[in-house]
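Here are my notes on this structure, as numbered points. Please read them with the coordinates open.

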Amino acid sequence: MSRIGRLPIPVPAGVDIAINGNVVSVKGAKGELSHTVPSPITATLEDGTITVTRPNDERESRSLHGLTRTLIANMITGVTEGYKKDLEIVGTGYRVVAKGADLEFALGYSHPVPVAAPEGITLTVVAPTKVTVSGIDKQQVGEVSANIRKLRKPDPYKGKGIRYAGEIVRRKVGKAGK
């Protein structure tokens with residue numbers, strides 16, 4: 001039995017859960033999310049907790065059991081607290097400027113790089129070299145953060161580029177270092 005899958009998910013006050021067949025909808029103070037539960041897995045709401053069960057011990061059922069439970073728990077966390085990722089820009093002349101809800105990066109290219117904020121994501125410029133990506137969908141926050149980081153990945157020789165806050169970039173020795 002999956003250790004993660006069999007844990008009950010507590011539903012905090014102020015969160016409305018609706019289970020229609022295999023669609024789980026979560027509504028909270030920050031917004032609304034829904035997820036379609038894969039066919040062999042079932043989710044039930046009883047006494048303020050959600051329980052995710054699987055009918056058998058087949059390989060597919062086992063792999064989807066813990067995943068489904070975690071996705072539903074992440075939706076509940078998203079509509080109550082939200083998710084955020086902090087990005088740092090390292091490099092001489094590298095900076096970011098807010099243009100309304102969108103961002104414009106100067107990353108050493110001959111042109112500025114614009115980034116549009118997708119639906120449900122808030123891009124905040126904390127400092128000229130710090131950006132915060134926040135939203136209620138954990139997957140979408142991570143994807144937008146990864147796409148921004150992909151604009152100029154951290155260079156292993158000089159360390160320049162966009163990195164996650166707290167990310168450690170492994171540095172390489174240049175030609176002169178033997």
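1. Start with S145, which sits in helix α2, residues 138-149. Helices (H or I, at least four residues) and strands (E, at least two) are DSSP runs, numbered from the N terminus. The model is predicted: local features need pLDDT of at least 70, side-chain atom pairs count only at pLDDT 80 or more, and totals for chains, interfaces and linings use all residues. Residues are numbered from 1 along each chain as its sequence is written, and side-chain values use heavy atoms, with hydrogens and water left out.

2. Is S145 buried or exposed? S145 counts as buried because its relative accessibility is 0%. The cut-offs are under 20% relative accessible area for buried and over 50% for exposed, with partly exposed in between (1.4 Å probe, protein chains only).

3. Which residues does S145 touch? Leaving out residues up to four places away in sequence, they are K85, L87, V133 and Y164. Contact means heavy atoms within 4.5 Å. The S145 side chain also reaches the backbone oxygen of V141, at 2.8 Å.

4. Now the sheet. It is open and has four strands in the order β11-β12-β7-β13, with antiparallel pairing. Strands β11 (121-127) and β13 are at the edges; each has a single partner strand, so one side of each is left without a neighbour in the sheet. From one strand to the next, the twist averages 25 degrees. Two strands pair if DSSP finds at least two bridges between them.

5. Look at β7 (residues 83-90) next. Six bridges pair β7 with β12 (residues 130-135) in the antiparallel sense. Within this pairing, L87 stands opposite V131, and D86 has T132 as its bridge partner. Four bridges join β7 to β13 (residues 161-164), also antiparallel. There, I89 is partnered by I162.

6. Helix α2 lies across β7, β11, β12 and β13, and runs at about 10 degrees to β7. Axes are lines fitted to C-alpha atoms, for helices over the stretch in contact; angles run from 0 to 180 degrees between N-to-C directions.

7. Check D47. Its phi is positive, about 50 degrees, although D47 is not a glycine. Most residues other than glycine have a negative phi. D47 is found in the loop between β5 (42-46) and β6 (49-53). D47 counts as exposed because its relative accessible area is 82%.

8. An unreviewed UniProt entry annotates residues 11-82 and 90-164 as "domain: Large ribosomal subunit protein uL6 alpha-beta". Such annotations may be inferred rather than shown by experiment. Residues 11-82 are 31% helix and 35% strand. Residues 90-164 are 16% helix and 41% strand.

Definitions and conventions. Polar contact = N/O pair within 3.5 Å; in protein donor to acceptor, adjacent residues only side chain to side chain.
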